[in-house]
Amino acid sequence: MSRITNLNIDEIKDSELLQGFDFNNYDEGDHERWKTLLAGVTTAQDGISCNSYSKGMSLLGENFSDLPDLSELNNKMEQQTGWRVMAVNGILPCEDFYKLLSRKIFPSATFVRDWHSTAFTGYPDLFHDVVGHLPLFFDPKFSEFVQKSSQLIYNILIKTPEGAEKEKMIQNFSRYGWFTWEAGLIKENGEAKAYGGAILSSSGETQNLKDRGYEKFDLLEVFNTAYTDKEYSCKYFIVDSYDDLFASLDIIKTQYNIQDSIH
Ligand SMILES: [Fe+2]
């Protein structure tokens with residue numbers, strides 16, 4: 001169960017973000033699995049990762065050659081990007097998830113996936129969260145997109161009463177998250193590169209992308225495309241630049257009649 005259930009997000013103090021986390025609890029097997037995961041992904045990422053990812057990786061000053069200490073990563077992230085990492089064990093209720101991201105707090109799992117899940121894990125682990133997502137937050141534009149989209153989605157969800165309409169919204173926004181920050185592609189010098197964390201942290205997902213190809217990002221198409229986190233993505237969508245993502249926020253605002261000054 002997630003620790004988050006014991007904490008009020010509005011009152012979380014910085015000192016509580018890594019509460020219960022102890023780097024010394026990782027055993028030899030965890031370190032070994034981490035290295036195997038990294039070796040597979042480093043080869044798979046070659047030629048696939050976007051510029052902002054490679055840049056973020058070097059600004060982070062990490063090659064992740066060994067399992068990283070979340071508290072050290074947390075300090076580096078906060079100093080350089082304003083993002084902080086929160087250790088969680090479990091999937092968060094979706095409103096809590098968006099609320100944390102809107103406050104530039106990134107919830108990260110702490111466990112390292114099992115051997116049988118090295119190419120694919122439907123359940124995000126430390127490797128996925130850290131290697132797949134953290135470097136992107138060094139790109140100010142991408143960082144702003146995650147923060148603003150999460151704020152917008154949170155605002156829409158809290159004003160919507162529970163029921164079928166809200167369930168449909170949650171489904172749409174899950175698909176939006178999946179096909180952007182998890183499985184998203186961006187065009188760079190005419191080539192498709194990945195900014196999605198699910199691709200950047202999985203050798204299997206990267207191969208699946210090469211096999212399936214991609215199509216142009218279209219918000220309505222994204223809302224209408226089902227995905228499951230139990231297998232590789234059925235589709236991939238490419239944006240020309242992160243501006244396309246901001247443009248999609250404007251469409252969402254119009255669609256859900258939001259007239260605030262989020263963006
Ligand atoms: Fe993720």
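Which residues does Tyr-236 touch, not counting residues up to four places away in sequence? In this predicted model, local features need a pLDDT of at least 70 and side-chain atom pairs count only at pLDDT 80 or more, while totals for chains, interfaces and linings use all residues. Residues are numbered from 1 along each chain as its sequence is written. The partners of Tyr-236 are Ala-183, Leu-185, Leu-209, Arg-212 and Tyr-214, where a contact means that two C-beta atoms, placed from the backbone, lie within 7 Å.

Tyr-236 itself sits in the loop between helix 10 (219–223) and strand 6 (237–239). Helices (H or I, at least four residues) and strands (E, at least two) are DSSP runs, numbered from the N terminus. Tyr-236 counts as buried because 22 other C-beta atoms lie within 10 Å; the label "buried" asks for 20 or more such atoms within 10 Å of the residue's own C-beta, "exposed" for 12 or fewer, and "partly exposed" covers what is in between, with C-beta atoms placed from the backbone. Along the chain, Tyr-236 and Ala-183 are 53 residues apart, yet their C-alpha atoms are separated by 6.2 Å.

Strands count as paired if DSSP finds at least two bridges between them. Strand 5 and strand 6 run parallel and are joined by two bridges, and Glu-215 stands opposite Phe-237 in strand 6.

Strand 1 (residues 84–87) and strand 2 (residues 105–108) run parallel, joined by four bridges; Ala-87 has Ser-108 in strand 2 as its bridge partner.

Helix 4 has Phe-97, Tyr-98, Lys-99, Leu-100 and Leu-101 as its buried residues, and their cover includes strand 1, strand 2 and helix 6 (140–158). Just after helix 4, Lys-104 takes a positive phi of about 60 degrees.

How far can the model be trusted? The average pLDDT (the predictor's confidence in each residue, from 0 to 100) is 90, and 93% of the residues score at least 70. Over residues 1–5, however, pLDDT stays under 50. Where pLDDT is low, the predicted coordinates should not be read in detail.
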